[in-house]
Amino acid sequence: MPLITNHLEPWHWAIAGAAISAITLLLLWVTNRRLGISTGFENLCALAVRRPYFRRSELTRSHGWRLPFLAGLVLSGFLSSVAGGGWRPTWDMGMLDSTFHPGVLGKIGWTLAGGFLIGVGTRMAGGCTSGHGIFGLSNLE
């Protein structure tokens, strides 16, 4: 199935799996650190919000590597879109549009509500599903 944004064929899933495995193992062996995107979001929040939760030492100690890592994710996404033929923003929400016809404000509300619920679930679970799947299962946690 071609990608939604530029209709290119995606790489085989095993290539992405091998790359994620190599990156996470390298991060563990070299730095003894876990890869986590939701913790990276906490790092970003800590730059703007002066609450004790965002001032805990385990979070502030990771700014030096996690913030450049997040910047690298954004940069690599940009470079991937340029290499794939460019990126154009879209309001297309697939089946949601064809079923409910929510309009622009409805889509914004749907996106904000979904983001909020994902954030709440991530905090309740102590991290995101990708982090638990990559590190938690492999460490039997």
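Modeller: A salt bridge here is a side-chain nitrogen of Lys or Arg within 4 Å of a carboxyl oxygen of Asp or Glu. Side chains of opposite charge can pair when their charged atoms come close. One example is E58 with R56, whose closest N and O atoms are 3.0 Å apart.

Colleague: What should I keep in mind about the source?
Modeller: This is a predicted model, where local features need pLDDT of at least 70, side-chain atom pairs count only at pLDDT 80 or more, and totals for chains, interfaces and linings use all residues. Residues are numbered from 1 along each chain as its sequence is written, and side-chain values use heavy atoms, leaving out hydrogens and water.

Colleague: How many salt bridges does a search of the whole structure find?
Modeller: The search gives 4. Among them, E42 pairs with R56 at 3.3 Å, N to O. That pair links distant parts of the chain, 14 residues apart, with E42 in helix α2 (residues 37-48). Helices are DSSP runs of H or I, at least four residues, numbered from the N terminus.

Colleague: Which residue meets E42 at 3.2 Å?
Modeller: R123 does, again N to O. R123 lies in helix α6 (residues 103-125), 81 residues from E42.

Colleague: Is E42 buried or exposed?
Modeller: Buried, because its relative accessibility is 4%; the class means under 20% relative accessible area, with exposed over 50% and partly exposed in between (1.4 Å probe, protein chains only). R56 is partly exposed at 23%, R123 likewise at 35%, and E58 is partly exposed at 46%. Shared partners join E42, R56, E58 and R123 into one salt-bridge network.

How values were computed. Helix = DSSP H or I, 4+ residues; strand = E, 2+ residues; numbered from the N terminus.
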